[in-house]
Amino acid sequence: MTAPAAYRVSHLDALEAESIFVMREVVAEMERPVLLFSGGKDSIVMLRLAQKAFAPASIPFPVMHVDTGHNFPEVLEYRDQRVTELGLQLIVASVPEALSNGLVRESADGMRNRIQTPVLLDAVEKHRFDALFGGARRDEEKARAKERVFSFRDEFGQWDPKNQRPELWSLYNGRHHPGESIRVFPLSNWTELDVWHYIARERIPLPSIYYAHEREVIEREGMLYAVNEFIRPRAGEERFKAQVRYRTVGDASCTAAVRSDADTVEKVIEEVAATRITERGATRGDDRVSEAAMEDRKREGYF
Amino acid sequence: MSVDTAAPADSVLPEGRPMDLLRFATAGSVDDGKSTLIGRLLYDTKSLFTDQLAAVEAVSAARGDEYTNLALLTDGLRAEREQGITIDVAYRYFATPRRKFIIADTPGHIQYTRNMVTGASTADLALILVDARKGLVEQSRRHAFLCSLLRVPHLVLCVNKMDLVDWSQEVFERIADEFTAFATKLDAPDLSVVPISALRGDNIVSRSENMPWYEGPSLLHHLERVHIASDRNLVDVRFPVQYVIRPQSTTVTDYRGYAGQVASGVLKPGDEVMALPSGFTSRIAAVETADGPVDEAFPPMSVTVRLADEIDISRGDMICRPNNAPAVTQDVEAMVCWMDESRPLQVGGKYAIKHTTRSARAIVRGLHYRLDINTLHRDESATELKLNEIGRVRLRTTVPLLADEYRRNRTTGGFVIIDETTNRTVAAGMIVDTA
């Protein structure tokens, strides 16, 4: 028997339903969840899903920003505005603060990607969080392709990729001992394009840097970096103006822009659908360190 | 050859259905050409990116591989690349204008059963690959058996490397007939067989000119059109309550909604319903989402159900219909697949169990037999189940489960067993009998 057309479910509705299910499982079973909110598009979509999962009640957990101190001002502004609108509690785990009180030391290359991890873990311990929602997707990076939706972390925050819990049907196992925690990835099955389609469908506002704008940049190792207080031209590097947008938003000292004329969500969707390079490949200096750069960071407790 | 358009928006297709989602599992080893097949599907649907391909080519060349090993696309873990093996189920994504696809790619060698069972648990369809030169091998039968155990609704046998048997219709039909006969014994649901050459692209995206005798669709054509909407059970209303929404707010007062994902059936306002395990009845006052009330809810929608009467319902309870309810039972008969390497399942062992949104403790009352998945022989003298072994057990639980047979309902018939000491997920279970 053919099901009537009314019982059809679109792929975006199916993904949304799965993510909402995941978020409700966490709130029902875990003691102290928190949502990692960077002001990037994936965490913004996650926040929208959290709104939907618990409506008409408000979002029943705080959000946390691991602040490297290298921020795009447009993103910080967006973060604060969103948090106020939704009446959320914002926890800032600050890398500059951790540097000044000696928890971490600046790395030789000045990149703060790696030193975020101890700062994150310290905040988790301090607030006794046992579940951390992250916006990572399996299509993003190969170490993430094998990540569970409920990903167990030991008392040191470590991920052991060879020893993951089997995950069957939609039966998620969040059991853990005190001090251990679970990273939860509600967007596991979403692709970059799904995220953009959802942003368009739900009319979700984003920080302006996701759309094409003119910016002063330099070219370094084939990538375009904005000239700002964190990135200064080195000898031989020329600054020039270009029409660019950001495909990902991370630490402002290692996130590159891409050339783009896409100044609306529809144009971005067209651009993403046509692009032949992955978003992290196009924009993240931090993943270029080695073949397993992401895996190594994740093992230590990175998101 | 490529599909000209990349995936469009959340669009409605000409025949009036929205672009939907198909999850499929692939099983087999590198030798069968599975990586080549997946690589081709990704490449031909423009889902493989140039930086990914360049990285894989570079690593392949550095290792001295004779071909670009597309398994390296997701064999991203250090241990995998060092040892040249695939450790775990990898998820890959591609889309055509008609459908979005999620592939659960299960490796052929290591922890084979555990990975295959995991990948098949959520699959609408399974792809089994065989080499046309070798025909069916023990592994192909094992794949088919596990797919039938997990009740994957659609099975596709790809007879690969047809170029190496001169595109022979006779070879193809011999393999197809043998497999069809075997699948009948397994009570496999919908079965298709496609002759392909993954390396050359024959019958992958479009029909092959080398095999004019084959009149069926290309593989991608089949994947795009296979009818999955009616695989869902729309008859038995089962709504496992996940979470009770009660806003603590001054603007919304007296609100009480039962949040969950519809496991099966269709829920509509006005329907008479029963809550289990209490047995109290009421009517559905509203079915709500954050975007407003809806006229009906069906799988896999996540919704909030409000009832006309205030009855006591909490997480782990189930909303169903008074004349169509699951069993309320502390005793279940189930097939279990053991997934833990450190300790085997033992009769008398006590474990935690998670079934729908309900958690309980369970004791293994008996092990009827261990099943040899190659011969389907039942060993009734077995006293334990080790890693990757499958057997039929009898369980007694501390609180009643609200359960259906797995063959009737994959959501209310499946469960996982968790070791209470290590907290690891140690088994997948499928309920055979609720008596």
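At what angle do helix H2 (residues 41-54) of chain A and helix H6 (residues 192-202) of chain A pack, and how far apart are their axes? The model is a predicted one, in which local features need pLDDT of at least 70 and side-chain atom pairs count only at pLDDT 80 or more, whereas totals for chains, interfaces and linings use all residues. Residues are numbered from 1 along each chain as its sequence is written, and chains are lettered from A and ligands numbered from 1 in the order in which they are written.

The two helices of chain A pack at about 50 degrees with their axes 10 Å apart, the axes being lines fitted to C-alpha atoms over the stretch in contact and the angles running from 0 to 180 degrees between N-to-C directions. H2(A) is therefore oblique to H6(A), since angles under 35 degrees count as roughly parallel, over 145 as roughly antiparallel, 65 to 115 as roughly perpendicular and the rest as oblique. The crossing of H2(A) and H6(A) is left-handed, a term used if the near helix is turned anticlockwise from the far one by less than a right angle, with right-handed used if clockwise. Lys41(A), Asp42(A), Val45(A) and Arg48(A) of H2(A) meet Val195(A), Tyr198(A), Ile199(A) and Glu202(A) of H6(A), where contact requires C-beta atoms, placed from the backbone, within 7 Å. The residues of this contact divide into four nonpolar, no polar and four charged; Ala, Val, Leu, Ile, Met, Phe, Trp, Tyr, Cys and Pro count as nonpolar, Asp, Glu, Lys and Arg as charged, and the others, Gly among them, as polar.

Chain B holds seven helices and 23 strands, these being DSSP runs numbered from the N terminus, with helices (H or I) of at least four residues and strands (E) of at least two. Within chain B, the axes of helix H4 (residues 112-121) and helix H5 (residues 138-149) come within 9 Å and cross at roughly 45 degrees, which means that H4(B) is oblique to H5(B). Their crossing is right-handed, and Thr113(B), Met116(B), Val117(B) and Ala120(B) in H4(B) meet His143(B), Leu146(B) and Cys147(B) in H5(B). This contact is made of five nonpolar, two polar and no charged residues.

The domain assignment, automatic or from a database, gives chain B domain 1 (20-231), domain 2 (239-320) and domain 3 (327-433). Ten residues of domain 1 of chain B are in contact with eleven residues of domain 3 of chain B, and H4 and H5 of chain B are the elements that give two or more residues to the domain 1 side.

Methods. Two residues are in contact if their C-beta atoms, placed from the backbone, lie within 7 Å.
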